[in-house]
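Please look at the sequence and the structure shown below, and keep both at hand while reading the report that follows.

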Amino acid sequence: MATGDAILALLLPGPKHGYDLKRAHDEWFSGLRPLAFGQVYSTLSRLQRDELIQVAQTETADGPERTIYELTPTGRAQAQGWLAEPVDPNGPGGAPADELIRKTLAAYRLNSDPSGVVARQRAVHLRAMRALEPERGAPENLGSSVTRDHRRQHLDADLRWLELTGERIRNAGPAEGAVHLMNDASPPKEQEHG
Amino acid sequence: MAENPVLVLENIQHAYHRTLAVQGVSLSVRPGEVLAVTGPSGCGKSTLLHVAAGLIRPQSGTAYLFGQSLAATSDDDRARLRRSRLSLVLQFGQLVPELNGLDNVALPLLLEGHDPKEARKLASGWLERCGATELAEAEPAEMSGGQAQRVAVARALITGPQLILADEPTGSLDSSGGRQLLDLMLTEAHKAGAALVVVTHDNTVAARADREIHLLDGVIVSEAVLA
C-alpha cells in the first residue's frame, strides 16, 4: 500500500487529477523512482474502490476529460494515520527504505511535524534494537549471533539516516509553500514518548 | 511515592566563546535509571554531562545532584560529592599514569582517607569483578583501550556510587569490546542500584538504556522510553 499511502498524503492539501499527482509525487520524493502513469491510475482506481478517495469533479476544458480526485473522510483519516504511525522495522527485510523516505518527506512537505515523525521512528527503531538483546545467560550460537548482528546493523544504518535527516530538516526550515494541514494528525503524547 | 531523582537539570544553558553548546535543557534521572544522551558531534551532550558532574558551572540554569543545588555548594563539597556518591567514566579511562591498575581503582578510597591496605583489598575485588585482575600491577601506558576502560569502570564502582556519568565509555573500543564493557557497566550499576547516564553516539549503546534523549544543536529534540 506504499504508493497508495503516498497518493493519499499528496491529496491532503487538496483535490488533484492524475497528472498533478504524478508531478507532485515526483517533486516531493524527487530522489525516488518517478511514478509511472499506469501506476497512478491503477492506484487511484483501487483507492476509489476502497472508498478512500472520490471524484470531486471532471474537467473537459482544453483537451481530454480529466477526473479530479479528493479524499473521503476515511481516506483523510488514513493519510493522517499513515503520517503519524512509524514504519515497522520488524518486518522481513526491516523497515522499507521508500516508506521511511516518503513518510518523512511527506510530513516535511505538509508541515506535519516532520521532526516528530523522525523522533517517533527513532524510538521504534531503538526499541527494536533493544529487543534484539539476548536474554542474560542465554546460550549463544553462531547462527543466532550472525542473524542478530545483521538485524542490528540494519537498524543502526536506519538510525544514522534518521539522525542525519533530523538535522537536515532542522536546518532546512519549513518547506516552501507548505501549509499546516495536519493539526489533528499528531499521535497522543505517550505514543511519541513510549 | 516516586523516589527523588538523583539528578535534575533545570533549563541549563552554556556557551563557549558565544557559541551556545546547550540551550535550555531540562531533564531528571531516577535512582537506578539508565539514561542515554545521544546526538551528533558538537550537539552539547558532553557539555551537559560535565554540567551534571559539576565540572562546568552553567551560565544559567541549575543542576541538582541528590537534591543539592550544585550552584550552592563549594568547590570542596562538589569534589567530595564526586568522590563519594558520583562516579565518572570518560572515553579513554583517564587513569592516573603514575599509578598501577590496583592503585588507580583504590584511588577514590585513598583520597577519602581509607586505610590503604583495606582500599587495595577492595580494589583487587573490583578488578576481579571487572575481569581485570591481571591489570593490578600494570601501568596505564601498558594497557589497551579496553583494559584501561575496565580499570576505569572498577574505579567508578568502588565507592558504591548512586550515579555514574559516562562520556562515550565505549568510544575507544571495537564493537565486541564495547559490548562487553557496556554489559559490565549495566550489570554492576544494576546490582548496586546506581543510575547511569551514558553519553554516546553509538546507537547500540543507546538501545540498552531505559530512556534515550537526543540532542541537536544543544536542544533536546526527542525523548524515547525504551524499557
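B:His17 is exposed, with a relative accessible area of 79%, where exposed means over 50%, buried means under 20% and partly exposed means in between (1.4 Å probe, protein chains only). This is a predicted model, in which local features need pLDDT of at least 70 and side-chain atom pairs count only at pLDDT 80 or more, while totals for chains, interfaces and linings use all residues. Residues are numbered from 1 along each chain as its sequence is written, chains are lettered from A and ligands numbered from 1 in the order in which they are written, and side-chain values use heavy atoms, with hydrogens and water left out.

B:His17 sits in the loop between strand 1 (7–16) and strand 2 (19–29) of chain B; helices (H or I, at least four residues) and strands (E, at least two) are DSSP runs, numbered from the N terminus. Most residues other than glycine have a negative phi. B:His17, however, is not a glycine and has a positive phi of about 45°. A:Asn111, which is not a glycine either, has a positive phi of about 50° and belongs to the loop between helix 5 (97–109) and helix 6 (114–131) of chain A. A:Asn111 is partly exposed, at a relative accessible area of 27%.

Over all chains the structure holds 23 salt bridges, a salt bridge being a side-chain nitrogen of Lys or Arg within 4 Å of a carboxyl oxygen of Asp or Glu. The table lists some of them.

| Salt bridge | N to O distance |
|---|---|
| A:Glu133 and B:Arg179 | 2.7 Å |
| B:Asp103 and B:Arg120 | 2.6 Å |
| B:Lys191 and B:Glu188 | 3.5 Å |

B:Asp103 lies in helix 3 (residues 101–111) and B:Arg120 in helix 4 (residues 116–129) of chain B, so this pair ties together parts that are 17 residues apart in sequence. B:Asp103 is buried at 16% relative accessible area, whereas B:Arg120 is partly exposed at 32%.

B:Lys191 and B:Glu188 both lie in helix 6 of chain B, three residues apart, which is about one turn of the helix. B:Lys191 is exposed at 55%, but B:Glu188 is buried at 4%.
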